[in-house]
Amino acid sequence: MDGIADLRDRYLNEIGGAADEATLENVRLAALGKKGEVSLLMRSLGKMSPEERKTAGPALNALKNTLNDAITEAKDRLAAAALDARLATEWADVTLGARPSRQGSVHPISQVTEEVTTIFADLGFSVAEGPQIETDFYNFDALNISPEHPARQEMDTFYMARAEGSNAAPNVLRTHTSPVQIRHLEAHGTPCRVIAPGRVYRSDYDQTHTPMFHQIEGLAIDRDINMANLKWVLEEFFSAFFGTSVKTRFRSSYFPFTEPSAEVDIQCEWVDGQVRVGQGDDWLEVLGSGMVHPKVLKAAGVDPNEWQGFAFGMGIDRIAMLKYGIPDLRAFFDSDLRWLRHYGFGALDVPTLRGGV
Ligand code: PHE
């Protein structure tokens, strides 16, 4: 059949000449689609005489296969050409610098703890540490807080579960850093000058209280340390910390573990609802302090007839809020990245004593 040879030549020509996959697809539909020329011819086989069908059938099948093979081959060729074209135009500049990646920041609590320890190190204090899960003895008894002492209720203590069947006083999440006084004296004896920064826990929650917060304990024991030394150390500290001369006010107070005891305020001024430390004639309470009680020294194995000294406990979060103008304590512990980026510090922002910390 001459017609079939013509068809084959025409379509092979069109297939070979198709410049892209869309054109090729149109050629395929025209030949082999439902209403394509070849498909229609195949459908007409039914109307042929058996004699005609004998030759036309195989010839049409062969045509169909030939065209299909040619289309597949052309498709591959066009896809490869398209890829070559893309590779020729698209390219990556491997000499370009990397995209900047977001850097983490140092939390204000970590920064302020570093600042405080730097200043106290300069004043001759080293750093001591103790556990956050504390025994009843270290958190209370050794600090002259007996079981029936009202301070136990005031502290809103978190108690740990006791071992089954145990009647011992339960361990607690330490309510202050003062137990480190006892642990340090037991381990290292006298004389001593240490600070102990760390987490403490009390069941309390509002704008100025969170169930976990940070304190820094101070302890200086020697043969003749007195309240005047305490006042000098604290004024020296606050002036270095706030970068300006800061007056302190000692108010007589009570703690079971110090005698006499004083709460310490720092000089400040309120301007448009914002506090400025080191000027004006308002006062802000920042710590508790006093001369270590003889019973506390005794509980730590130190002879109170030979040794005496001062202790203080200060809220780190509180002084961080004051120095960096952070209004809500709770935000410290929300882990909100926007807050951390705003109030956080660069890793190389290392506190030094020169030029204020
Ligand atoms: N431990 C006290 C508190 O948490 C503070 C304090 C420490 C007072 C040392 C006196 C001496 O409130």
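This briefing covers the salt bridges, the ligand site and some backbone features of the structure above. The model is predicted. A search of the whole structure finds 15 salt bridges.

**Ligand site**

- The shell around the ligand holds 14 residues, of which H176, S178, R202, Q215 and G313 come nearest.
- S178 places a polar side-chain atom 3.0 Å from a nitrogen atom of the ligand.
- R202 has a side-chain N or O atom 2.9 Å from an oxygen atom of the ligand.
- For Q215, the distance from a side-chain N or O atom to an oxygen atom of the ligand is 2.9 Å.
- Strand β10 supplies the largest share of the shell, with three residues.

- R183 pairs with E134 in a salt bridge, and their closest N and O atoms are 2.7 Å apart.
- This pair links distant parts of the chain: R183 lies in helix α8 (residues 179-188) and E134 in strand β2 (residues 133-134), 49 residues apart.
- Are the two partners buried or exposed? E134 is buried, because its relative accessible area is 1%, under the 20% cut-off. R183 is partly exposed, at 25%.
- E37 forms a salt bridge with R10, with 3.0 Å between the closest N and O atoms.
- Here too the pair links distant parts of the chain: E37 sits in helix α3 (residues 37-43) and R10 in helix α1 (residues 2-17), 27 residues apart.
- E37 is partly exposed, at 33% relative accessibility. R10 is also partly exposed, with a relative accessible area of 37%.

**A salt bridge between R8 and D9**

- D9 forms a salt bridge with R8, and the closest N and O atoms are 3.7 Å apart.
- That separation meets the criterion, because a salt bridge needs a side-chain nitrogen of Lys or Arg within 4 Å of a carboxyl oxygen of Asp or Glu.
- D9 counts as partly exposed at 43% relative accessibility. R8 is partly exposed as well, at 34%.

**The salt-bridge network**

- Five residues are linked in a network of salt bridges: R249, R251, E263, D265 and E285.
- D265 is found in strand β7 (residues 258-271).
- Is D265 buried or exposed? D265 is buried, because its relative accessible area is 2%, under the 20% cut-off.
- The side chain of D265 makes a polar contact of 2.7 Å with the side chain of R251.

**Cis peptide bonds**

- T190 and P191 are joined by a cis peptide bond, with omega about -10°.
- P191 is found in the loop between α8 and β4 (192-201).
- Another cis peptide bond joins E259 and P260, where omega is about -5°.
- P260 is found in strand β7, the strand that also holds D265.

**Positive phi values**

- N144 has a phi near 65°, a positive value in a residue other than glycine.
- N144 is found in the loop between α6 (136-139) and α7 (151-154).
- S335 has a phi near 55°, again positive in a residue other than glycine.
- S335 is found in the loop between α11 and α12.
- S335 counts as exposed, because its relative accessibility is 59%, over the 50% cut-off.

- G325 is partly exposed, with a relative accessible area of 43%.
- How far apart in space are G325 and E73, and what is their separation in sequence? The two residues are 73 Å apart, C-alpha to C-alpha, and 252 residues apart in sequence.

Methods: Residues numbered from 1 in each chain as written. Predicted model: local features only at pLDDT ≥ 70, side-chain atom pairs only at ≥ 80, totals over all residues. Heavy atoms only, no water. Buried < 20%, exposed > 50% of the residue type's maximum accessible area, 1.4 Å probe, protein only. Helix = DSSP H or I, 4+ residues; strand = E, 2+ residues; numbered from the N terminus. Near = heavy atom within 4 Å. Polar contact = N/O pair within 3.5 Å; in protein donor to acceptor, adjacent residues only side chain to side chain.
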